[in-house]
Amino acid sequence: PFTLVIYYLYHFLFFFFFKQKTAYEIKECDWSSDVCSSDLNIFNEPNAEYGIRTQIERLFNSFYELANDPESGTARNIVYSQAQVLSEVINRIDQQLTTLSDDIGFEINQKVDEINNISARIASLNIKIASAENNNASANQLRDERDLELDRLSKISNVYYNEESSGSINVSIGSNSIVSDGFRVSTLTATDYNDNGELKTKVTGTESGVEFIPRGGELKALINARNTIISGYRENLNLLAGTLITQVNAIHRNGVGLQGSLSEVPHDNDFFAGTDAGDMDVSDAVKSSINNIAAAERNETVHETGEVEIWGSPGDNKIALQLANLKNVLVLESNTESFDDYLARVVGGLGVEARDAKDNASRQKMVVTQFENLRNSTSGVSLDEEMTYLIQFQRGYQAASRVISTVDEMFETLINM
């Protein structure tokens, strides 16, 4: 009888209030933690030697070295090499974000297929359970199998269901019904779409076309990771790269390079090419000759003939110093952050998100483990068998009560003799 009560208590408390909610929260936190950790690895921050912050700092340091010896070919080669390395690092991060986004898009499709398969299995079990119980046969094992399917489903998304008098259940995830009338299955479809150049995913009802917005679980975490987290960090990366390109080029155009064997001093050259993280590169002018790297300030002399002569003072390092000092200039986030400040905040935010998601998952796992132990102790209980035990205990109690009454009557008779 006690086991019978526990069986019902488990289904009421565990599945309705704890298991479903906690399961999809765990999976959501797990995926969020994994995605943030992947982003951290992409930015190479765990290994500062190859991180983007280190490479940007090295570029600015190379400008300082150029300022110390503006006519040095070695210093110019270092500037060119470091700019090339930085561009490649930023390109690689952008490509890895794209790869991670594509991988998550694939995972979303897999989860949607899994939802559809689970829905079909639940519908099939509904038919078997209704048939068995209609014929007064035990369907406890079938019900346990259906509970396991609901468990799997609850990890993917938030689940709601109600049981009909026939023993079959209707299932919904979010506001979308996936099993109705006990056996009707409504499938979901994952579709990619382009949002300002960023590939994202939405899930809709295959027949209805209504968008499904999960409120928890793996699917919510995956969609959020692709549509929000990754696209957000790509925007951050593009802002960083675009600002660096714009700011460096704006200073560089005001300078002049070394004349060398040329008849004219190199000028009006960009240092970087491209507009964002995806196409950032060293400019063709700098690639063609390190003499095109501007270190000196640009001067102009207008002769009586109207000819404009562009020149730079030998040993002048004003432009190189401006480029080096750009490291500490507040040029990002409405002129409130330097490049290093900006990266520290972005990457630090990634670390905090990953840690919080991991901690939340750990807390939820402790809760669900306790209730899983309760479920495992009651799974497979036969209500008919428990009722038989109840009758046996009741008859035993009645028999014991009669024995006590008989003994009591005997003692009373002896006392009265």
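Mentor: Let us begin with Arg-345, which at 42% relative accessibility counts as partly exposed. Here buried means under 20% relative accessible area, exposed means over 50%, and partly exposed lies in between, using a 1.4 Å probe and protein chains only. Please note that this is a predicted model, in which local features need pLDDT of at least 70, side-chain atom pairs count only at pLDDT 80 or more, and totals for chains, interfaces and linings use all residues. Residues are numbered from 1 along each chain as its sequence is written, and side-chain values use heavy atoms, with hydrogens and water left out.

Trainee: With which residue does Arg-345 form a salt bridge?

Mentor: A salt bridge is a side-chain nitrogen of Lys or Arg within 4 Å of a carboxyl oxygen of Asp or Glu. The partner of Arg-345 is Glu-337, with the closest N and O atoms 2.7 Å apart. Glu-337 counts as buried, at 12% relative accessibility. Elsewhere, salt bridges with shared partners join Asp-94, Glu-198 and Arg-234 into one network.

Trainee: How many salt bridges does the count come to?

Mentor: The count comes to 21. One of them is formed by the side chains of Arg-226 and Asp-102, at 3.6 Å from N to O. Because Arg-226 lies in helix 5 and Asp-102 in helix 3, this pair ties together parts that are 124 residues apart in sequence. Helices (H or I, at least four residues) and strands (E, at least two) are DSSP runs, numbered from the N terminus.

Trainee: How should I read a pocket, and what volume does the second largest pocket have?

Mentor: Rolling a probe the size of a water molecule over the atoms shows where empty space is left. On a 1 Å grid over the protein atoms alone, a cavity is a set of points where a 1.4 Å probe fits but cannot get out, while a pocket is an open set with protein on both sides within 12 Å along at least five of seven lines; lining residues have an atom within 4 Å of a point. The second largest pocket has a volume of about 210 Å³. Of its 13 lining residues, the closest to its centre are Asn-196, Gly-197, Glu-198, Leu-199 and Arg-234.

Trainee: Which element gives the most to the lining of the second largest pocket?

Mentor: Helix 5 does, with 4 residues. Helix 3 (73-134), strand 6 (198-205) and helix 5 (217-252) each supply at least two residues of this lining.

Trainee: Where is Glu-333 placed, and what is its phi?

Mentor: Most residues other than glycine have a negative phi. Glu-333, although not a glycine, has a positive phi of about 50°. Its place is in the loop between helix 7 (318-325) and helix 8 (339-378), and Glu-333 is partly exposed, at 36%. Asn-335 lies in the loop between helix 7 and helix 8. Asn-335 has a positive phi of about 60° and counts as exposed, at 54% relative accessibility.

Key: Points joined across faces, edges and corners; volume = space filled by probe spheres on them.
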